[in-house]
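Reader: I have a structure open here and would like to go through it slowly with you. Could we begin with the ligand and then move on to the strands?

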Amino acid sequence: MGRSLMLLQPAVCLRAASQLYSIAVRQRLIPTSTAYTLHFCGASRAASTSATPKHIKPRKPKGDTHKVRHFVDYKQLVVRGGNGGNGCMSFSSEPCKEWAGPDGGNGGNGGHVIFEASTNSKSLAHLKPVVKAEDGIRGRTKICHGKNAEHLYIEVPVGTIIKTEGGTDIGSIEKHGDVCVVARGGAGGKGNHFFLSNENRAPAKGELGAKGQELRVKVELRTMAHAGLIGFPNAGKSTLLRAISRARPKVAAYPFTTLNPHVGIVEYDDYEQVAVADIPGLINGAHQNRGLGHSFLRHIRRCACLLYVLDLSVDEPWTQLNDLKFELEQYEEGLSKRPHAIIGNKLDVEGSEETLAELKARIDLPVFAISAKHRLGIEPLLDHLRKMYDMHVGESF
Ligand SMILES: Nc1nc2c(ncn2[C@@H]2O[C@H](COP(=O)(O)OP(=O)(O)OP(=O)(O)O)[C@@H](O)[C@H]2O)c(=O)[nH]1
Ligand SMILES: [Mg+2]
């Protein structure tokens with residue numbers, strides 16, 4: 001058999017192999033996408049040798065379900081430690097030892113509520129409004145001590161800040177694996193056996209378990225995304241986020257379509273991921289709580305870089321830029337001066353090229369002219385985003 005195979009001509013072997021392959025594909029033994037996947041991996045490796053990492057298109061197609069998940073970066077919760085178990089008060093009496101003495105066991109300690117930073121957790125959406133750790137088990141007769149309750153560990157993203165209702169810091173969690181005890185469990189009560197002494201041979205007291213700590217806390221994220229899209233309503237922020245990531249914020253032709261921030265991930269061919277947040281539209285007077293007010297100016301504070309999205313289809317987009325910067329500055333001094341880039345959107349609209357030329361003449365910063373709807377001019381913008389990310393992310397802000 002081996003000798004006969006060796007005698008076969010290479011061309012015949014190739015033909016036989018291709019026939020076998022086509023039979024296997026037809027019978028679905030090999031997925032038809034294999035060839036494509038191999039080609040894709042080759043392309044991405046070839047690209048990664050270039051100096052600036054390139055943006056790669058999402059590999060998985062977007063799902064066809066209409067489930068939209070928005071990003072939660074702030075929550076108020078009630079946190080309760082577990083109560084301690086009660087100590088037992090009991091006296092032992094056995095057939096041949098009638099006054100055997102006190103035998104009440106101690107109660108177990110209640111569990112703490114502990115927040116643990118994890119890189120697997122990205123948002124605070126999973127936190128329930130009331131978080132309670134388990135109670136300790138009560139003590140029993142025959143000196144049976146109650147079991148201590150397990151501590152309740154809750155995963156939160158790295159960079160979570162925990163404050164009391166009044167604003168006093170409880171703790172902040174800065175790196176993966178760090179923990180912060182938010183509410184302590186109560187200690188278990190002592191049983192009457194604990195109080196046995198030479199002076200008191202029949203202690204008739206057992207302690208109640210202590211109550212667990214109960215607090216109302218505010219949990220917030222220090223960083224929401226590496227870059228935030230900031231602009232007036234209808235500027236096309238959500239359309240842009242849809243074009244560059246797998247996120248699916250709602251897009252519609254009326255203002256305030258986006259009411260909660262959405263975060264999308266832009267991937268590069270060196271496997272770096274840059275998070276971009278679509279922040280609800282700002283209007284004049286937002287710093288005085290007009291429109292959606294302070295709640296989303298707060299989101300902007302949590303972005304390392306800002307991307308101002310201007311609408312080139314309006315008459316004077318440069319006034320939009322000044323207004324946006326003014327609002328940010330009124331909310332927090334220096335906020336508008338964070339590393340930023342300016343995007344002129346809706347380049348496809350008639351007359352926008354003249355507006356763009358005037359915009360460029362009026363401001364001394366480079367403008368990335370794009371059409372988010374038709375995905376034009378996206379590549380240079382994503383290259384610049386990566387440069388900003390490499391230069392500025394990690395700076396304290
Ligand atoms: N012609 C054109 N229309 C666009 C472009 N980008 C967005 N639009 C349209 O502008 C409208 C508003 O887009 P959105 O992405 O919802 O705007 P937004 O900035 O997220 O608005 P809010 O969520 O209300 O703040 C939609 O009708 C989009 O189809 C573009 O590049 N060209
Ligand atoms: Mg929107």
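Reader: Which residues come nearest to ligand 1?
Author: Bearing in mind that this is a predicted model, the residues that come nearest to ligand 1 are Gly236, Ser238, Thr258, Gly281 and Lys373, out of 24 residues around it.

Reader: And how do the residues of that shell divide into nonpolar, polar and charged?
Author: The shell around ligand 1 holds 10 nonpolar residues and 10 polar ones, while 4 are charged.

Reader: Which helix gives the most to the shell?
Author: That is helix α4, which covers residues 237-244 and gives 3 residues to the shell around ligand 1.

Reader: Stepping back, how many helices and strands does the chain have?
Author: The chain has 8 helices and 16 strands, and of its 397 residues, 37% count as buried.

Reader: What is the strand order in the open sheet of 5 strands?
Author: The order in that open sheet is β5-β1-β10-β7-β8, and the pairing is mixed. At its edges are β5 (130-132) and β8 (169-173), each of which pairs on one side only, and from one strand to the next the twist averages 25°.

Reader: How many bridges join β7 to β10, and do they run parallel or antiparallel?
Author: Strand β7 (residues 160-164) and strand β10 (residues 214-221) run antiparallel and are joined by 5 bridges.

Reader: Last one: what share of contacts between residues at least 6 apart in sequence join residues at least 24 apart?
Author: Within the chain, that share is 72%.

Conventions
Residues are numbered from 1 along each chain as its sequence is written. Chains are lettered from A and ligands numbered from 1 in the order in which they are written. This is a predicted model: local features need pLDDT of at least 70, side-chain atom pairs count only at pLDDT 80 or more; totals for chains, interfaces and linings use all residues. A residue is near a molecule or strand if its C-beta atom, placed from the backbone, lies within 6 Å of it. Helices (H or I, at least four residues) and strands (E, at least two) are DSSP runs, numbered from the N terminus. Ala, Val, Leu, Ile, Met, Phe, Trp, Tyr, Cys and Pro count as nonpolar, Asp, Glu, Lys and Arg as charged, and the others, Gly among them, as polar. A residue is buried if 20 or more other C-beta atoms lie within 10 Å of its own, exposed if 12 or fewer, and partly exposed in between; C-beta atoms are placed from the backbone. Two residues are in contact if their C-beta atoms, placed from the backbone, lie within 7 Å. Two strands pair if DSSP finds at least two bridges between them. Axes are lines fitted to C-alpha atoms, for helices over the stretch in contact, and angles run from 0 to 180 degrees between N-to-C directions.
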